[in-house]
Amino acid sequence: MRIFSFKKEAEMKNNDRTKGKEKTLVKECVDQLKDGKLPPWKVEEELEKKFNLIPPDNFRTAALSRQKFIEEGTGKKFRYIGLPDKPYKVRNQCDMHKFVWELDASDENQSCSLCGNQLKSLGQYDPLVANYVGGTEDYYSFAGRIRVSGDLEKEFTNLLVYGTGLGPMGITKGCFLINKFGGAEVKVAEFARAARCLGFVFKTEELRKKAIHIIDEFLPELKPEMNAQMSDVGGRVGPAEYVQVESHQGFLLYVDFTADFENFRGHGGISRAVGFAKREIEKRLQKGKVKPELCVIAQGYDGDLKPSPRNKRGRYASAQIRVPVHKFEELLKINAREFISFVDLDRTGAQKLGCPFYSGMGGEIIPALYRATKVNPRSCLVSSFQNIYARVDGEDLIYGVELPNVEVGVLSTHEGLIPPVGREALDIIGIQTARDFAACMAAQVLAGEFNLALEIVRERLYDS
Ligand SMILES: [Zn+2]
């Protein structure tokens, strides 16, 4: 018993010493990060080279340094995005398959899932993800800070659950350059939209014509009642769109309803309102002796996660930089004309592929922000569409991205529970409203695309 307590005491003293040393190292790194002398993705390397803290011991200190750096910059604390004792991955090998497994050091399942053999550690370690700052189920990366102006004046501290790859580093670099050029100019729509559609099949064109007439006359009375159905999310229904199609089933009619929402996603709201409208319209048609063969919610025409330029979900957001051409060329050592040609080449390539939108880095950055913040929708397919553009305007070069359909509810409500880690990420990033979310997303996509485009034009990408 006595021996045990001695041992424990010694251990505790040892721990205190380690903690003390860690504190000193973290402070040193944070100071360097603040000076801008140390890029965030080089903290592990700095600890190893300058302070002889070798892998795997440097990984936790590096993550902690980035956390503290973010905490000091934002005044917010990491609480739910936890930092485990061993935040790194270990390379293991299966003797039978000679296959290298990379496992989270906390993973106690040490068997090869192909053959069941016990894996052997190769004693090689790496960070869990680039710019790792915390998280055990999802690995959070720091992706720089970006200033935005225009429709919103803010600075965002970017956190992404990006996964493998150098994306977070590229975005950090892009943010740094964009801030140097005065920040990103953003445009964000006041309202987000959500759509639901009613579909009818009529036997004759005459019946369809009569139905349109009845519905049209009923709308002024119906709309306030539809709005009442969406009062909890502040939805307001706009003009209805009629689309007529002939099919071998008969004469089709789509009546598409779109509503505006300020801070909610509104998807459930518009569904409820159109469900209500369906019952009321059916009563009216019956009264007018207009009987459809079929009256349903026509999901095929309501923009439900469909990659189409006519999709009516979400909110428009864009971000761009405007830089004098001479400054651009001087600072980046890139010919502006070549840069614009590249953007055009890239965008045309996407069109030739039959893509209704361009999707580059945005296709990774956008889902990474949804994963980090844990907001709804969980499937951010429609929100991942983007366009890019570059042109010379007078003396300036303009480069920008557009996100036509950013759909989000940033409030944890009946529209979707946001777990504590997600709310913490939103808070640290600096996102309070759905408009903030869209602006932050557009600015990060701009940073990622801009940095990538520069690397490609400089022929640095995939250059082995
Ligand atoms: Zn095996």
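**Close-up views of a predicted model**

**View 1. The whole chain.** The protein has 11 helices and 15 strands. This is a predicted model. Its C-alpha atoms fill a box of roughly 90 × 70 × 50 Å along the principal axes. The protein has 464 residues, and 44% of them count as buried. Now take the contacts in the protein with a separation of 6 or more: residues 24 or more positions apart account for 74% of these.

**View 2. The largest nonpolar core.** This core has 128 residues. The residues with the most contacts inside it are L159, A438, M441, A442, A443 and L446. Helix 11, residues 434-457, gives the most to this core, with 14 residues.

**View 3. The surroundings of A442.** A442 is among the residues with the most contacts inside the largest nonpolar core.

View 4. Strand 14 covers residues 387-393, and strand 15 covers residues 396-406. The two strands pair in the antiparallel sense, over seven bridges. Find A390: it stands opposite Y399 in strand 15. Two residues lie between the strands of this hairpin. In the turn, G394 has a positive phi of about 65°.

**View 5. Helix 8 and the glycine after it.** Helix 8 runs over residues 336-352, which makes 17 residues. From first C-alpha to last, helix 8 reaches 24 Å, close to the 24 Å expected at 1.5 Å a residue. G354 follows helix 8, and its phi is positive, near 90°.

Key:
Residues numbered from 1 in each chain as written. Predicted model: local features only at pLDDT ≥ 70, side-chain atom pairs only at ≥ 80, totals over all residues. Helix = DSSP H or I, 4+ residues; strand = E, 2+ residues; numbered from the N terminus. Expected span 1.5 Å × (residues − 1). Pairing = 2+ DSSP bridges. Core = buried A, V, L, I, M, F, W, Y, C linked by C-beta atoms within 7 Å. Buried ≥ 20, exposed ≤ 12 C-beta atoms within 10 Å, placed from the backbone. Contact = placed C-beta atoms within 7 Å.
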